[in-house]
Amino acid sequence: MPDSLSALEARLTSAWADKAALHAECGAARLLNASASGTPRLVFELYGKHGILYDYGDSEKSDGNAGETSRGIRLRAAASSWKERFGWESISLVDRASAGDAARSGSFALAGEPPESLTILENGQPFRLELRHPRNVGLFLDTRELRRELRANSQGARVLNLFCYTGSLGLAALLGGAAEVVQVDVSARYLAWGRENLALAKLAEDRCRFVKMDSERYLDWASKKGLRFDRILLDPPVFSRFDGKVFRFESDYFRLAAKAAALLAPGGALVAVTNYFGISYAEFASGLGEAAHRAGISGPIRPIALPPDFEVANPDLRPEGNALIACLEAR
């Protein structure tokens, strides 16, 4: 965090002046992006008129106030001023340094009260958000450019969205004219959320299927059925545990990427996304290329940039919590 709250407010003021127009267009924007914005380990996103500070941790110890760090207490003192100054309705703090929902006891409103549910329009695409969710609000802003690309380049495509979460990427493809979108996730709750987003967008239900299944299991099933897709979206968590199975980026990501690449139709594309912080873009692209080679697929790999409000020109200098996105275009 900057040396003082006044320095933080100055950075926030400057960011809002630069990004207010983008926020109006997209319904949400990242105003502060940790070290990229000069606010190490502190991210600020604004959804509508509701702001959330994501705290990735610092060296300060808890003051014993409901798990709040001394930094959190100082931020609480400043939040009311920001709320009034910028005309926002609430500001909350979310602890992203602790593991698991129970450990994240530092998630709390700093000023005002965020609503349980909020709908925003991102370039005309509606999404329902849950601002009090302990992990994520239901929409990852770092994949906004990917959604824009899917809306522009999905006409007639068959699309598979693995680990689909609330379905934002698949729905962007559907808005872009995809012939069929298959949304796969193990969570019934997130699939139901995705169906809500589908209804909000008034999109045809017969072109979008929601499948409650482990994504690797779906890949194996689709392979046996001989299914092929023009676009496959692969965005698993860095770590997860489900039904006795453990998924880790280091040991499992590129194995899944190879299975996904094997299902590409001729001329198809595999979009690989990760928030794993221990890999460079060059290493990620190389791993993706090797996975495709094992599947008998070749083609150029290109990066998909983070949105402009993330202020990351070099993907290898991205702060924590920022995605790497690479697209393999099969020949």
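A residue counts as buried when its relative accessible area is under 20%. The exercises below use this cut-off and others on a predicted model.

**Exercise 1.** Determine how the rings of Phe249 and Tyr276 are arranged, where the two residues lie in the chain, and whether they are buried or exposed.

*Solution.* Begin with the general idea that a pair of aromatic rings is described by the distance of the centres and the angle of the planes. For Phe249 and Tyr276 the distance is 4.4 Å centre to centre and the angle between the planes is 20°. Rings pair if their centres lie within 6.5 Å, and planes under 30 degrees apart count as stacked, so this pair is stacked. Finally, apply the opening definition, by which both Phe249 and Tyr276 are buried. Ring pairs also join these two with Tyr253, Phe254 and Phe284 in a cluster, and the structure holds 15 aromatic pairs.

**Exercise 2.** Work out in which order the five strands of the open sheet lie, and what packs on the sheet.

*Solution.* The strands follow the order β1-β2-β3-β6-β7, with mixed pairing. At the edges are β1 (28-33) and β7 (108-111), each of which pairs on one side only. From one strand to the next, the twist averages 25°. Looking inside the sheet, β2 (residues 42-47) and β3 (residues 50-55) pair in the antiparallel sense over six bridges, and Phe44 stands opposite Leu53 in β3. Helix α1 (residues 5-26) packs on the sheet, where it touches β1 and β2, and its direction makes about 155° with that of β1.

Conventions
Residues are numbered from 1 along each chain as its sequence is written. This is a predicted model: local features need pLDDT of at least 70, side-chain atom pairs count only at pLDDT 80 or more; totals for chains, interfaces and linings use all residues. Side-chain values use heavy atoms; hydrogens and water are left out. Two strands pair if DSSP finds at least two bridges between them. Helices (H or I, at least four residues) and strands (E, at least two) are DSSP runs, numbered from the N terminus. Axes are lines fitted to C-alpha atoms, for helices over the stretch in contact, and angles run from 0 to 180 degrees between N-to-C directions. Contact means heavy atoms within 4.5 Å. Rings of Phe, Tyr and Trp (its six-membered ring) pair if their centres lie within 6.5 Å; planes under 30 degrees apart count as stacked, over 60 as edge-to-face and the rest as tilted. Buried means under 20% relative accessible area, exposed over 50%, partly exposed in between (1.4 Å probe, protein chains only).
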